[in-house]
Structure formats: C-alpha cells, structure tokens
Amino acid sequence: MEYHVKDLSLADKGRDRIEWAEMDMPVLRKEIRERFIKEQPLKGIKLGVCLHVTTETANLVRTLKEGGAEVYLCACNPLSTQDDVAAALVKYYDIPVFAIKGEDEKTYYDHIKTVISKEPDITMDDGADLVSTLHKEHPELLEKVMGGTEETTTGVIRLKAMAKDGVLKYPVIAVNEALTKHLFDNRYGTGQSTIDGILRATNRLLAGSVFVVAGYGWCGRGLAMRAAGMGAEVIVTEVDPIKAIEARMDGFRVMPMAEAAKLGDIFCTVTGNIHVIREEHFNVMKDGAIVSNSGHFNVEIDVAALEKIAVKKRRIRDFVDEYTMIDGRRIYLLGEGRLINLAAAEGHPASVMDMSFANQALSAEYIVKEGKNLKPDVYVVPGHIDNKVAELKLKAMGIEIDKLTPEQIEYLNSWDVGT
C-alpha cells in the first residue's frame, strides 16, 4: 500500500488514541457505521479526503471505508497532523495516508496531488485546497467527480467564490453550514480547543488578562465565552455591525483592533480573512503580548510584517516564537500563526466532532444518491440530514424531547385562530 507518514512505529499509540476518541463518538461509531457496514452505501466509490489527520478524522475515514469506500487521506494543514494517528491508519486500518506534521509547503501540496492522482469520485475537504488544486491542475479529472463536501468556513467562502466566478465544476455540500456543525463544533469545539492550545503552548494564566478575540462568528463567540469563563477580560473586534452589537450585548467590550492592540495581553484571530493583525498593530502592542490564530489558514496574522520589524527572533518554547522589536518589546507568536488548537493541542474534543463527521458521512452518502441531480454549486446540508444527526446525538446522550400533539400541528398549520 502506498503511503507517506512519519514513522510506522508510532502506530500502537495512535490506535489507542483512536479507540479512546471512538468511545465519545457514538453517532458515528454506532448509529452510522453499523448501518454502513450492512448497507454498503459507498461501495465502489473513491473518496479523496483532505482533513486534519486527528483521532476524530480517523474514526470518520474508518466509517467511510467500512461503508464500502476506497479512501485516500491527506492533511489540510501542515501542522495539524497527529503522526501516531497517521501511522495507525496505515498499519491497522489499511487506509493510505499522506501526511506528516510540520511538512513543508511542497510536501503538503505533493500529498494533495497524490490523493488527486487516485481520481476520486467524491472529495472531502477542509479549507478547499484539494478542490482548488484539482480544478487548477487537473481539469481533465473533474468530469469523474460526482460531488464533494467542505468542512470549514474558510473553505465555504472559497468555494462560493469559485461558484460565483463560474469555475466550480461539481456540486459541494457545505457541511460547515449544518446547524449541527457550526452551532456546536465551531462554538464549543473551537472555544475549548483554542484555549487548550494557547495554554499548552504558553502555560499562562488567563484570569486577570485582557484577551482580544478578532471576529465574532460562531468560533469567536465560543472563544470569547470560554476566555471569559476562565476570568479574562474579553475585547472583541469586528467589521460586521450586527455581530458587534451582539458581542456588546453578550457583555464584551467592542473596539477596533487599533485600540485593542494597545490593551491586549493575548490575541486570537478567528475571522477567515487576511491580515487582521498587521504591522501597525504590532507597533503598539505591550511587551510580552501573545498573538495566535484559530482561523483555518495562516494568513490572519501578517507574519511577514512581524518578521520585517523584529530585530531578533528565537524559539523560546515549543510552538512559541519570540520576536524582539527595536525598542526592546517582545511579541510572542504561537504556532507560526497556524491553527493553534491543532498545532499545539489535539483539536476539538471527539464528542463535538461526532456531529460534524456524522454530517460528513451522511453527506457523502447523499452525494452518491443525488449528486447526478445537482448542478455545480455550493449547497447546504439537507435539512433531513441535519435533523437526523441531532436526533441521533440526543439518543446517544440519553435525552428525550417532546413531540407536537395533533392539535399543536393543526394550530401551526392554520391561520384563522387568533386571540
């Protein structure tokens, strides 16, 4: 079997961690995988998967394979691969993996191109690097692709731009837009895992600090909530007036980054946009300011500008680079500006990824059944899939809810009953 991982001797540790995560993924493990094994809905389908290579992803690709798919996996970020997991997938689950933590840009794209060379019928992406590379470099393979899925906000933005420009050649299901994904994965998963990554990298106390959150989408909401819960004073920066009002009414200070830069002890960007923290912001930061990112790509912090204005740089801790300014101030960049929750920690907890990856598995099944009826565009996850994932999660949690009575259904469907 063709593969490229760091070290197969790490496989035993990886298998143990995959099994540990699996315990907290009952929807994927039991409700979906057991049905997939029986029904084989993905039989004969080649799946090109470009996701963070984590324990949770391992359980997704195992489910896809056991549903009949031929799966090829590469990383969607050079720093997000868990090498022991990659090794275990190759050694114990016979899934070809092309991913090494810390791989350079050339290797990263070589791995993506290797997956593309397998001529997938369905793509499963996180950030749209697989889809964009496929469209740019191998247009001859696009007719074979019946559809794809996209995991994250940044990728959805890119894919919608492709669709708007008329260059997207097959339908893609925006898994990120599922309510059972962004309301929980983005908010609770990103909120907890980002704090986890910052603390593992720095071992700093959040209580009493000023924590600046750039962006108040679902990821920003979760991060602000968790930082405040640990005793930090939270400042939110935004460009969207509605989100800015929401942040203020949630109890946070709201101001431009130019002002927040002077006050913050810890900064984290979660916007999906480029150069949210720039040279003019570095120039006014406190001595000892910590700067991090939890958006998908490493473009939210202008690292090149920081490199330009610094007179000295050194790696002071794992995933912590110290930049000394000409006036002696020190600014600390975490994880080279990449996703700190995956660079320095393990990403989202398995429980919340259970819903996200349930959406991925069921969306892949949907593409097999309905892809031929969809035009090239970006689609939301069908409502029946979203609701099914929620129902399965509640069932796994042992929670029951009310059902509408016939009288209530009739009332909701009528217009003639008033006060």
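**View 1. V378 of strand β15 is the bridge partner of V172.** This is a predicted model in which local features need pLDDT of at least 70 and side-chain atom pairs count only at pLDDT 80 or more, whereas totals for chains, interfaces and linings use all residues. Residues are numbered from 1 along each chain as its sequence is written, and side-chain values use heavy atoms, with hydrogens and water left out. Strand β6 (residues 172-174) runs parallel to β15, and three bridges join the two; helices (H or I, at least four residues) and strands (E, at least two) are DSSP runs, numbered from the N terminus. Two strands are said to pair if DSSP finds at least two bridges between them.

**View 2. An open sheet of seven strands has parallel pairing.** The order of the strands across this sheet is β3-β2-β1-β4-β5-β6-β15. At its edges stand β3 (97-98) and β15 (378-380), each with a single partner strand, so that one side of each is left without a neighbour in the sheet. Helix α5 (residues 105-116) lies across β1, β2 (70-74) and β3 and runs at about 170° to β2; axes are lines fitted to C-alpha atoms, for helices over the stretch in contact, and angles run from 0 to 180 degrees between N-to-C directions.

**View 3. Strand β4 (residues 122-125) is covered on both faces.** I122 and M124 on one side, and T123 and D125 on the other, are all buried, where buried means under 20% relative accessible area, exposed over 50%, and partly exposed in between (1.4 Å probe, protein chains only). Strand β1 (residues 46-50) runs parallel to β4 and is joined to it by four bridges, with V49 standing opposite M124. Strand β5 (residues 147-150) also pairs with β4 in the parallel sense, over four bridges, and here T149 of β5 is the residue opposite M124. Together with helix α6 (residues 129-137), β4 and β5 make a right-handed β-α-β unit; a crossover is right-handed if, with the strands pointing away from the viewer, the path from the first strand over the helix to the second runs clockwise.

**View 4. Helix α1 (residues 11-23) packs against helix α4 (residues 83-93).** The angle between these helices is about 95°, and their axes are 7 Å apart. α1 and α4 are therefore roughly perpendicular to each other, since angles of 65 to 115 degrees count as roughly perpendicular, those under 35 as roughly parallel, those over 145 as roughly antiparallel and the rest as oblique. The contact (heavy atoms within 4.5 Å) involves residues including R15, R17 and I18 of α1 and A88, K91 and Y92 of α4. By class, this contact of α1 with α4 has seven nonpolar, one polar and seven charged residues; Ala, Val, Leu, Ile, Met, Phe, Trp, Tyr, Cys and Pro count as nonpolar, Asp, Glu, Lys and Arg as charged, and the others, Gly among them, as polar.

**View 5. Strand β7 (residues 210-214) belongs to an open sheet of eight strands.** The order in this sheet is β9-β8-β7-β10-β11-β14-β13-β12, and the pairing is mixed. Its edge strands, β9 (253-254) and β12 (310-317), each pair on one side only. Five of the five residues of β7 are buried, so this strand is largely enclosed by the rest of the structure: V210, V212 and A214 point one way, and F211 and V213 the other. Four bridges join β7 to the parallel strand β10 (residues 266-269), where C268 is the bridge partner of V213, and five join β7 to β8, which also runs parallel to it, with T237 of β8 as the bridge partner of A214. Helix α9 (residues 218-229) lies across β7, β8 (233-237) and β10, running at about 175° to β7, and β7, α9 and β8 make a right-handed β-α-β unit.

**View 6. E119 has a positive phi, near 55°.** Most residues other than glycine have a negative phi. E119 is placed in the loop between α5 and β4 and is partly exposed, with a relative accessible area of 34%.

**View 7. H275 has a positive phi, near 50°.** This residue lies in the loop between β10 and α12 (279-282), and H275 is partly exposed, with a relative accessible area of 30%.
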